[in-house]
Amino acid sequence: MNSEVSILDKISRQRNIDAQNAKERVPLETLKKGINQFPLISFFDRLNSRNGNLSVIAEVKRASPSKGDIAAGIDAAAQGLLYAEAGACAISCLCEPTWFKGTVDDMRAIREAIDHLGDERPAVLQKDFITDAYQIYEGRAHGADSVLLIVAAIDADAQLAELIACSRSLGMEPLVEVNSSAELQRALALGARIIGVNNRNLHSFTVDLDTTGRVVADSPLPPGVLLAALSGITTRSDAQHFEGVGVGAILVGEALMRAADPASKIRELQGLSLES
């Protein structure tokens, strides 16, 4: 029976346990007192401020269930600052500790490292498996400007609506992740403004780069909704493929973590590698 439990289900169940344990260590009311220590910027506006270039959400990712350790000992703050100086519009930080070996402390360190850039800094995205509003407050208190909400991890529309509303109540427009037309329709019905199509199926962790185009072809996005492509993006050719189906932003993790020169890789993905 355990063999039928998907990777997503395993991670989500563990994150539920983690959230309950965190509440005992740091009660929600205590967290709320710290949510305003980091000024917000608009994740939506950052992704839209690309001046004709594809926006890159550069990810700090220590490990993954499918690849194991990628850069387990990385200095998250230094990597985040490197991304910021290279022109990333946003920095995504994996905050899941068991399979991805990340924490909200990594995200806080990134945020503190880029704060000197002021209003020109990249937005910070809390990349996690969120099923409890406590996690959103925790992310905001550690410097997040936006949070990832994975539709496949949230069974009830009422719960998804509650998490979207919680994020917005803290001034954060969430990135709502989908992997199918049905999930996209759920997200749009609840008013999501930033849609991320994951080319990786989180139940099996297989990647299909045609997923984004297929999903939006089945369910075209209304005006004013921003489209991002997530996972499996490694080359400029991949980026151009997604630009061709209306994508405005790409989230790139492993390719940047493994790159000898992540700054050059970001410019390459945007088609700027030959420019000064």
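A crossing is left-handed if the near helix is turned anticlockwise from the far one by less than a right angle, and right-handed if clockwise. Two packed helices are described by the angle between their axes and the distance between the axes. The model is predicted: local features need pLDDT of at least 70, side-chain atom pairs count only at pLDDT 80 or more, and totals for chains, interfaces and linings use all residues. Residues are numbered from 1 along each chain as its sequence is written, and side-chain values use heavy atoms, with hydrogens and water left out.

**Terms for helix packing**
- Helices (H or I, at least four residues) and strands (E, at least two) are DSSP runs, numbered from the N terminus.
- Axes are lines fitted to C-alpha atoms, for helices over the stretch in contact, and angles run from 0 to 180 degrees between N-to-C directions.
- Angles under 35 degrees count as roughly parallel, over 145 as roughly antiparallel, 65 to 115 as roughly perpendicular and the rest as oblique.

**Helices α6 and α7**
- Helix α6 (residues 133–141) packs against helix α7 (residues 157–169) at about 20°, and their axes are 9 Å apart; α6 is therefore roughly parallel to α7.
- The α6 and α7 crossing is right-handed.
- Ala133, Ile136 and Tyr137 of α6 make the contact (heavy atoms within 4.5 Å) with Leu163, Cys166 and Ser167 of α7.
- This α6 with α7 contact has 5 nonpolar residues, 1 polar and no charged, where Ala, Val, Leu, Ile, Met, Phe, Trp, Tyr, Cys and Pro count as nonpolar, Asp, Glu, Lys and Arg as charged, and the others, Gly among them, as polar.

**Helices α1 and α6**
- Helix α1 (residues 7–25) meets α6 at an angle of about 65°, with axes 9 Å apart, and the two are therefore roughly perpendicular.
- Their crossing is left-handed.
- From α1, Arg15, Ala19, Ala22 and Lys23 meet Tyr134, Gln135 and Glu138 in α6.
- The residues of this α1 with α6 contact comprise 3 nonpolar, 1 polar and 3 charged.

**Helices α4 and α5**
- Helix α4 (residues 76–86) and helix α5 (residues 104–114) pack at about 45°, their axes being 8 Å apart; they are therefore oblique to each other.
- The crossing of α4 past α5 is right-handed.

**Charge over a ring**
- The charged end of Arg193 sits over the ring of Phe44, 4.0 Å from its centre (the rule requires NZ of Lys or CZ of Arg within 6 Å of the ring centre and within 35 degrees of the ring normal).
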